[in-house]
Amino acid sequence: MTSYPVPSHYQDKEWDDPVKGKELANKVISDASVINIKDVSDDLANKLMPIIENDI
């Protein structure tokens, strides 16, 4: 699974600037991390999905 550090709020006015906003978005993409979930049980995965979908 790939996890992206997406901000929960976009209060920084730099996001409104087309150039700076693109730089910030690219930083989110470049700072992604891969989380190995192959050893997670289906039961645990089903419990975690609502949390993951709602952005931890």
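Predicted model: local features only at pLDDT ≥ 70, side-chain atom pairs only at ≥ 80, totals over all residues.

Author: Happy to! Helix 1 covers residues 18-30, 13 residues in all. From its first C-alpha to its last, helix 1 reaches 18 Å, which is close to the 18 Å expected at 1.5 Å a residue.

Now to its side chains. Gly21, Leu24 and Val28 are the buried residues of helix 1. Looking down the axis of helix 1, you find these buried residues within an arc of 65 degrees, so they line one face of the helix. On the other side of helix 1, the exposed residues are Pro18, Val19, Lys22, Ile29 and Ser30. Here, buried stands for under 20% relative accessible area and exposed for over 50%.

Let's step back to the whole chain. The protein has two helices and two strands, and along the sequence they follow the pattern β-α-β-α. The radius of gyration of the protein is 15 Å, well over the 10 Å that the globule rule gives for 56 residues, so the protein is more spread out than a compact globule. Along the principal axes, the C-alpha atoms fill a box of roughly 45 × 20 × 10 Å.

What share of the 56 residues counts as buried? The share is 5%. As for the surface, the protein exposes about 4900 Å², and carbon and sulfur atoms supply 55% of that area.

Conventions:
Residues numbered from 1 in each chain as written. Heavy atoms only, no water. Helix = DSSP H or I, 4+ residues; strand = E, 2+ residues; numbered from the N terminus. Rg over C-alpha atoms; globule rule 2.2 N^0.38 Å. Buried < 20%, exposed > 50% of the residue type's maximum accessible area, 1.4 Å probe, protein only. Areas by Shrake-Rupley, 256 points an atom, 1.4 Å probe, with all protein chains shown as cover. Expected span 1.5 Å × (residues − 1). Arc of directions from axis to C-beta.
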